[in-house]
Amino acid sequence: MKNSQNVVRSQVNIQPVFRLVDFFEETTEYERNWQLPFNSLALCVRDDPEDPSWIELPEKNCRIYYEANVPYFTTCDTPMRIRYTPANRHFCIHFRYELFPGVDLFSGIRERYILKDKQLPDKIKSVFSDPDPLRRLARAEAVTMAMLLDFWPKHLPLDLHKALDFGELFQYVRKNLDCRIGIPEMAAIMGWSEAHFSRVFHSVFHITPKQYLVRELFARALGLLNDPGKSIKEISAELGFSSEFNFSRFIKQYSGQAPSQLRRTASGPLYVRK
């Protein structure tokens with residue numbers, strides 16, 4: 001008698017992609033508002049209790065103080081205000097886990113969590129202490145994926161079946177992306193009015209079409225800045241910006257740094273921001 005086998009098939013044919021945006025050690029001082037288009041796994045390794053660093057979540061009306069050796073996980077698009085004091089030093093891994101191009105697993109979940117895994121701080125530190133550049137990349141992805149699996153959302157805000165209807169649009173944007181693509185062009189591809197398209201897109205993905213385009217454009221810009229053979233002027237032209245100044249303003253608005261600064265810090269898989 002043959003053994004019966006249970007075959008489990010996915011009801012939705014998707015191919016998630018893990019994207020390591022960057023990871024860095026940072027010692028800095030500032031106070032500013034952020035709403036990052038990617039997820040962040042961070043570990044404070046030094047702080048001053050007399051002059052503490054903190055993060056405020058306006059939507060939650062709360063302030064969280066940084067504590068040494070306590071890891072934090074912040075989901076993409078979470079509005080926050082951060083204050084870093086001179087003593088602050090932390091490790092940070094920025095990543096995306098895309099269910100569809102530009103659409104993150106945590107889209108619609110705007111939260112910051114204090115992680116209780118007692119082994120996680122040492123695992124994060126191992127990323128930054130490894131002397132081998134390629135192994136650091138592998139460690140960063142492995143640590144982040146392990147955290148992600150332990151912290152998987154119980155209920156996805158994203159309707160995967162409705163999201164599949166946008167597959168052709170996502171592929172078109174990826175293939176033709178520059179700053180000139182806008183909502184009218186996206187709506188036309190779907191065969192909808194602009195108002196209907198914007199409303200449905202937001203209801204499915206919990207971000208506006210403009211936020212999606214900015215996220216994709218910024219990600220592509222970062223990739224091009226990693227190419228030492230392209231000048232900033234050439235990259236700005238390739239992405240459709242009318243001038244290098246407008247491109248630099250776009251990058252600084254979403255990263256807090258000029259393209260030249262990002263290019264210097266992106267010269268290796270581990271860098272220090274000061």
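This is a guided tour of the structure, stop by stop, with what to select and what is there.

**Before you start**

The model is predicted: local features need pLDDT of at least 70, side-chain atom pairs count only at pLDDT 80 or more, and totals for chains, interfaces and linings use all residues. Residues are numbered from 1 along each chain as its sequence is written, and side-chain values use heavy atoms, with hydrogens and water left out.

**Stop 1: a stacked ring pair**

Select F73 and Y113. Their ring centres lie 6.2 Å apart and their planes meet at 20 degrees, so the pair is stacked. The rule covers rings of Phe, Tyr and Trp (its six-membered ring): they pair if their centres lie within 6.5 Å, and planes under 30 degrees apart count as stacked, over 60 as edge-to-face and the rest as tilted. The count by this rule is 27 aromatic pairs.

Now colour the strands. F73 belongs to strand β6 (residues 70–74) and Y113 to strand β10 (residues 112–114). The pair links distant parts of the chain, 40 residues apart. Helices (H or I, at least four residues) and strands (E, at least two) are DSSP runs, numbered from the N terminus.

Y113 is partly exposed, at 25%. Buried means under 20% relative accessible area, exposed over 50%, and partly exposed in between (1.4 Å probe, protein chains only).

**Stop 2: an aromatic cluster**

Select F100, F166, F170, W192, F197, F201, F205 and Y212. Together they form one aromatic cluster.

**Stop 3: charges over rings**

Show R32 with Y30. R32 lies over the face of Y30, 4.0 Å from the ring centre. Then show R63 with W54. Here the charged end of R63 sits over the ring of W54, at 3.9 Å from its centre. A charge sits over a ring if NZ of Lys or CZ of Arg is within 6 Å of the ring centre and within 35 degrees of the ring normal.

**Stop 4: T75 and its contacts**

Move to the loop between β6 and β7 (80–84), where T75 is found. T75 is buried, at 2% relative accessible area. What does its side chain reach? A polar atom of the T75 side chain lies 2.2 Å from the backbone oxygen of I109. A polar atom of that side chain is also 2.9 Å from the backbone nitrogen of E111.

**Stop 5: R96**

Find R96 in strand β8 (residues 89–100). R96 is buried, with 5% relative accessible area. Its side chain makes a polar contact of 2.6 Å with the side chain of E98. Another, of 3.1 Å, joins the side chains of R96 and E216. A polar contact is a pair of N or O atoms within 3.5 Å; within protein, one must be able to donate a hydrogen and the other to accept it, and residues adjacent in sequence count only if both atoms are side-chain atoms.

**Stop 6: the second largest pocket**

Select C179, K210, V214, L217 and F250. Of the 15 residues that line the second largest pocket, these lie nearest its centre. α7 (209–225) and α9 (244–255) are the elements that give two or more residues to this lining. α9 gives the most, with five residues.

The space in this pocket is about 310 Å³. On a 1 Å grid over the protein atoms alone, a pocket is an open set of points where a 1.4 Å probe fits, with protein on both sides within 12 Å along at least five of seven lines; lining residues have an atom within 4 Å of a point. Grid points are joined across faces, edges and corners, and the volume is the space filled by probe spheres set on the points.

The lining divides into 10 nonpolar, two polar and three charged residues. Ala, Val, Leu, Ile, Met, Phe, Trp, Tyr, Cys and Pro count as nonpolar, Asp, Glu, Lys and Arg as charged, and the others, Gly among them, as polar.

**Stop 7: A219**

Stay on helix α7 and pick A219. A219 is partly exposed, at 32% relative accessibility.

**Stop 8: two positive phi angles**

Go to the loop between β5 (62–65) and β6 for N69. N69 is not a glycine, yet its phi is positive, about 65 degrees. Finish at H206, in the loop between α6 (194–205) and α7. Phi of H206 is positive too, near 65 degrees. H206 is partly exposed, at 31% relative accessibility.
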